[in-house]
Amino acid sequence: MNNEEVKDKSLINAYPTKDLFISILIRDVTLRDAIGDLLDNSVDGALRLRGDASYEGLCVHIELNAEEGFFRISDNCGGIPVSVARDYVFCFGRPEGAEETGHSIGVFGIGMKRALFRIGNNFKVESVAQDSSFTMEVDVDMWKQGIDKAGDQVGETETQADWTFRFSDYKEDQEEEYPEGERGTVVTVTNLHAGVIEAFKIDNDTTSLIQELQREHLFSINNGLEITVNGIRLEAPDLKLLESDELKTAYWEGLDQPVEVRIYAGISQQTEYGTDGGWYVFCNKRLVLGPDQTKRTGWGIKTPIRIPEYHPQFYRFRGYVFLDGEDPRDLPWNTAKTDMELDSPVWRRVFQQMVDLMRSVMDFLNKIHNEERYYRERRIDKTPLQSAIDNADFIPLAQIVQDQIAGIKPHTVAKFTAPEPARPRPSPADKIWIRYWVTRAEFVLVKEYFELEKKGEIGRSTFDYFLEREIKS
Amino acid sequence: MAKPSFTVFDYRVRPAKSVERKMLCEAFRRLSFFEPVKSYRYIGFGSTTFTDFILIHKALDITDMISIEKRKNYETRFEFNRPFHCVKMKYGDSNKVLPELTWDKRTIIWLDFEGHLTASELQDVAYAAMNMVSGSMLVVTLNVGDYWLSPECLKELSRQECRLEKLKEDVGIEKVPGDIEGKHLVGGGSMARTFRRLIMNEIDQVLRDRNGLSSAEHEVRYQPLLNFHYSDRANMLTVGGVFYEERDKATLKQCEFESLDFVRPDDTPYEIELPILTPRERQYLDKALPKGAVKEATETIGLTEGEIQRYARLYRHYPLFVEVELS
């Protein structure tokens with residue numbers, strides 16, 4: 001405060017301190033979220049660099065080093081141009097009228113700073129982009145107090161805090177472009193906060209971090225991006241859909257709005273069980289929801305189409321929704337990117353189409369189920385649906401999406417198509433069906449005698465036994 | 001299971017229904033500003049008589065026709081009675097069949113239900129609203145006769161309360177607005193108004209969702225046009241309207257639906273009431289129509305003014321039933 005200035009006594013100073021600001025910023029942010037945000041930034045780089053093409057050759061390495069006390073994330077995904085760093089990356093909030101950064105996951109202009117503040121006190125960002133490069137080092141404690149690197153107090157007052165960061169080194173508008181292989185970003189955080197080092201020491205924390213990151217970046221990993229955490233390469237289950245001339249994945253697109261929508265619904269491998277069935281919703285290629293088997297993706301709804309609750313019979317169902325927006329704020333996700341905004345107009349429209357496509361896949365799965373039964377009952381001789389599955393190929397989702405966008409093998413908007421099932425013969429009239437109850441104890445005895453598992457077969461055997469011995473002989 | 005109604009009575013001798021069919025046909029014809037009506041698809045419940053299919057094929061030359069039939073066990077009879085080759089049968093519940101169809105062409109769909117409004121009927125309305133392209137027409141017919149109320153319910157609640165309970169049970173509590181009471185569900189006009197409102201609510205909701213990704217000119221709207229109340233045996237309601245994209249507003253205007261005297265875009269019903277007249281009386285009256293000489297006719301044939309006016313409104317559609325010996 002300038003002592004010579006007369007203090008206006010009617011004035012209330014509501015200016016926030018940097019300390020308060022930071023504590024609000026990082027409140028409710030878990031360490032996992034922070035690391036996730038930084039990875040999102042790297043993956044954004046990959047998306048900007050390659051668009052819908054393969055990410056082969058791009059990598060992101062994350063190091064959590066408890067012994068030496070640092071966190072580092074480094075990538076070769078194109079780097080941050082100096083101008084973007086200056087006008088966007090290190091600003092709090094997205095400046096009104098800021099230039100679009102292109103399809104990205106980082107939305108609200110706070111991700112990276114928030115993450116860095118959350119992890120430690122000192123951070124260093126080094127980046128090499130096409131024709132610019134910079135290094136920036138920040139000691140957060142000093143920055144809070146308004147002390148610059150040289151240790152001098154910057155002219156900071158109660159109402160005139162210094163909210164700037166300073167590049168320690170930067171080059172801009174270079175004549176000669178940096179070679180592609182050198183472009184990338186390295187973020188190192190040291191002087192880690194209490195709790196962070198402890199977390200890095202817990203193996204189980206790292207394991208669950210890896211699992212969550214590989215789930216979120218499922219598509220990018222599938223698309224060839226190499227992500228490692230402490231040298232362990234993240235792996236994602238192959239997303240594949242059965243495709244052939246006979247079996248066609250259901251598809252819908254809406255491409256004339258700021259948010260481009262592509263929806264695929266089909267079936268996956270037969271050998272898989274359990275947990276992967278359902279819908280996967282990607283916003284700018286990052287998984288936000290899924291595999292989802294709840295009402296929010298249509299399971300168990302009644303209108304406008306009745307969809308059954310998720311059931312193991314549907315474990316082969318796979319639905320993939322891609323929402324892509326130049327401006328990530330247009331996408332219907334929440335700030336934590338962990339769920340869809342179910343009330344948003346975009347999501348409502350997408351949801352309608354999802355359930356419509358889904359219904360056609362359900363119908364097919366039900367028909368397959370019936371076909372198996374009719375075949376078992378010898379009411380059909382051929383199984384055209386099963387044959388269609390056997391003759392189809394598993395096509396990686398990433399390839400389907402690339403082919404779609406490049407127009408190589410585009411899907412047209414249509415529901416799931418499959419061959420007509422065989423018409424079953426009516427159950428023969430000269431046969432009758434016997435049902436009766438027995439006690440469990442009696443049943444076990446008979447079951448052990450015949451050494452059979454299925455109740456129907458056991459019952460049939462007792463009948464045959466009687467028929468052979470008492471009637472026919 | 002109850003016997004299907006076509007085995008109980010013959011649809012063709014329901015005079016109000018017959019008038020309704022012809023009026024619908026006249027309304028359908030107006031759609032030709034969107035595209036020649038003959039290239040539309042017609043979806044209906046043809047039953048064994050296919051009366052609507054015969055009329056629409058003959059009058060409008062529509063050839064893409066689908067009859068939805070849930071009673072697959074009567075398949076042979078349906079196939080036998082299929083009046084034209086261009087009528088395709090789809091077996092199954094309409095809830096199941098509608099999602100199996102493609103919806104990329106203009107369609108006229110007449111969901112000619114026999115029962116009251118339930119979640120199942122609303123589901124079909126929702127599905128149509130979600131999929132019908134601009135220039136398509138949806139028509140829904142429902143029974144609005146008084147509810148049969150269960151004795152168990154009447155033991156504990158009043159008739160009015162039981163009616164409301166019944167509606168909640170039928171359509172789902174989430175679809176019943178808070179201001180609906182039992183008195184809004186008395187058979188006939190009250191119930192018809194309520195059912196119409198529920199259908200409009202459903203369409204509003206679905207269209208709101210459908211338009212979530214649309215630019216202003218592609219937003220889909222619904223223009224209600226039909227609101228028939230009539231009774232042959234049971235009280236019936238028929239509502240209908242056109243789905244159109246905002247950019248096609250001018251085309252909709254060209255259709256001039258409002259110039260059809262039976263069109264009712266709002267909550268006021270058009271009552272189809274047929275005076276019972278002899279052929280001789282009709283011939284006499286027809287001679288003076290459409291101008292009409294009411295006063296003179298009351299004197300000559302002894303009909304009331306009301307009867308004559310009602311006839312004058314409907315005479316173009318008034319059916320003639322005669323007994324014919326077919327050998």
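**Close-up views of chain B**

**View 1. The end of helix α8 of chain B.** Gly172(B) follows α8(B) and has a positive phi, near 95°. The model is predicted. Helix α8 of chain B comprises 13 residues, 159-171, and at 1.5 Å a residue should span 18 Å; the C-alpha atoms at its ends lie 18 Å apart, so expectation and model agree.

**View 2. The buried residues of α8(B).** Cys162(B), Arg163(B), Leu167(B) and Val171(B) are the buried residues of this helix. They lie on the same side of α8(B), because the arc they cover around the axis is only 145°. Their packing partners are α6, α7 (151-156) and α9 of chain B.

**View 3. The side of chain B that touches chain A.** Contacts between the two chains involve 14 residues of chain B and 19 residues of chain A. On chain B, α6 (119-131) and α9 (189-210) each contribute at least two residues to this side. The largest share, six residues, is supplied by α6(B). By class, eight residues of the side of chain B that touches chain A are nonpolar, four are polar and two are charged.

**View 4. The two domains of chain B.** Domain 1 covers 5-146 + 186-272, and domain 2 covers 274-327. Taken over C-alpha atoms, the centres of domain 1 and domain 2 of chain B are separated by 29 Å. Eight residues of domain 1 are in contact with seven residues of domain 2 in chain B. The side of domain 1 of chain B that touches domain 2 of chain B is made up of five nonpolar residues, one polar residue and two charged residues.

Note on methods. Residues are numbered from 1 along each chain as its sequence is written. Chains are lettered from A and ligands numbered from 1 in the order in which they are written. This is a predicted model: local features need pLDDT of at least 70, side-chain atom pairs count only at pLDDT 80 or more; totals for chains, interfaces and linings use all residues. Helices (H or I, at least four residues) and strands (E, at least two) are DSSP runs, numbered from the N terminus. Ala, Val, Leu, Ile, Met, Phe, Trp, Tyr, Cys and Pro count as nonpolar, Asp, Glu, Lys and Arg as charged, and the others, Gly among them, as polar. Domain bounds come from an automatic or database domain assignment. The expected span of a helix is 1.5 Å times one less than its number of residues. A residue is buried if 20 or more other C-beta atoms lie within 10 Å of its own, exposed if 12 or fewer, and partly exposed in between; C-beta atoms are placed from the backbone. The arc is that of the directions from the helix axis to the C-beta atoms.
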